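Trainee: I'm new to this one. Could you walk me through how to read it?
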Amino acid sequence: MFGSAFGGPGPLLLLLLALGIDALFGDWLDRILPDPAGLARRFCNAADARLNRAERGKPAQLFRGALVVLALVLIAAAAGLLVEWIGSIGRGWMVELLALLCGLRGRAAWTRVRAVRRALESGGVVAGQEAIQSLTRRHVYGLDEHGIARAAVEAAARAFDRKLVAPVFGYALLGVPGLFVWTAMDGADAALGSPGVRHGRFGSTAATLDDALNALPARLAGLLLALAAPFIGTAKAGGALRALGRDARKHPSLNMGWPIAAMAGALGLALGGPHRDGGVVITESWIGDGRARVTPADIGRALALSAVASLLLVGLVALLLWGVAGI
């Protein structure tokens, strides 16, 4: 509703306000507000260092990893309930607004991808490798200019889902506890969800729960990117929809193929594909049937597409608010 029973703005109005503030001031807020996903990542890294021992065997690793995730979810949900309780007192809705601004990192993630384009254009491959390092799990020093640009476009698609659509979805569905649980699992997946010997068992619960929580938001993100395409010059909604139907399930992640396929199809690109990790070639399917030689200009097109899709997300929240207010 427009207002809560306690006189403050209702949850959906707070969400709209938070989305607007993030779009305008997200870069600055990213430097001063705590990041729940970052806190969860540090928690999981500490637990990994202390509890994850290969000599304990795979069942023990699985059990310990599940306990870490359970503890993290309980802490996140309890923190969310505390924020909502404070929000019910006087002007406590401001605390809930701050919690939303902590969880929404759309503008900050968008800016980091833009920094990759600027690094490539001003400093070449070496600068681009440094800029993309925190945005991809690939071995960045084996990437050329086109590989860096592909990784940046993929990062823009992932960030739209994971830093904007999914937190909005979690909050709209379950309030601040839903927002905090989602952001906590985002951090847990970043810390423990990578495939490999060390985290194969210990991190499997984090990866599985992350996949479950992101199943609907990832598909919504893909649809919003497809709907945004007609507003971006040469982008094509039909190409995005075809890529979603044909290629979304080809990605190694159960969910990330949806926004990445929509981005690839809309912009006429081929994303994913084989890449080197040191001296080993990692074989991944191509997503999209367009150009694989992605350029810095294509990063700009991807950022424009995600910006328009973000506006569509705001419109969706506004429509939901209007519908709830009319009941």
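**Reading the helices and pockets**

Mentor: Let's start with one stretch. Residues 164-185 are 100% helix and 0% strand, and their end C-alpha atoms lie 14 Å apart. Keep in mind that this is a predicted model.

Trainee: How far apart are the end C-alpha atoms over residues 62-86?

Mentor: There the ends are 36 Å apart, and the chain is again 100% helix and 0% strand.

Trainee: Which residues does UniProt list for "transmembrane region"?

Mentor: The unreviewed UniProt entry gives 12-29, 62-86, 164-185, 220-241, 253-271 and 303-325. Those come from the record, and such annotations may be inferred rather than shown by experiment.

Trainee: Now the sides of a helix. Which residues of helix H7 are buried?

Mentor: Take buried as under 20% relative accessible area and exposed as over 50%. In helix H7, residues 204-213, the buried ones are Ala206, Ala207 and Asp210. They cover an arc of only 95° around the axis, so they sit on the same side of H7. Thr208 and Ala212, on the other side of H7, are exposed.

Trainee: What do the buried residues of H7 pack against?

Mentor: Two helices: H3, residues 58-87, and H6, residues 145-192.

Trainee: And how do I find pockets?

Mentor: Rolling a probe the size of a water molecule over the atoms shows where empty space is left. Here, the largest pocket holds about 1600 Å³ of space. Its lining has 46 residues, and Leu135, Thr136, Arg137, Arg158 and Asp189 lie nearest the centre. Helix H2 (36-51), helix H5 (106-132), H6, H7 and strand E2 (275-277) are the elements that give two or more residues to this lining.

Trainee: Which element gives the largest share of the lining of the largest pocket?

Mentor: H6, with 11 residues. By type, the lining of the largest pocket splits into 17 charged, 15 polar and 14 nonpolar residues.

Trainee: What volume does the second largest pocket have?

Mentor: About 380 Å³. The second largest pocket is lined by 21 residues, with Gly106, Arg107, Leu164, Ala307 and Ser310 nearest its centre. At least two lining residues come from each of helix H1 (11-32), H5, H6 and helix H11 (296-325). H11 gives the most to this lining, 8 residues.

Trainee: How many residues in the lining of the second largest pocket are nonpolar, polar and charged?

Mentor: There are 15 nonpolar, 4 polar and 2 charged residues in that lining.

How values were computed. Residues numbered from 1 in each chain as written. Predicted model: local features only at pLDDT ≥ 70, side-chain atom pairs only at ≥ 80, totals over all residues. Heavy atoms only, no water. Buried < 20%, exposed > 50% of the residue type's maximum accessible area, 1.4 Å probe, protein only. Helix = DSSP H or I, 4+ residues; strand = E, 2+ residues; numbered from the N terminus. Arc of directions from axis to C-beta. Contact = heavy atoms within 4.5 Å. 1 Å grid on protein atoms, 1.4 Å probe; cavity = no way out; pocket = protein on both sides within 12 Å on 5 of 7 lines; lining within 4 Å. Points joined across faces, edges and corners; volume = space filled by probe spheres on them. Nonpolar A, V, L, I, M, F, W, Y, C, P; charged D, E, K, R; others polar.
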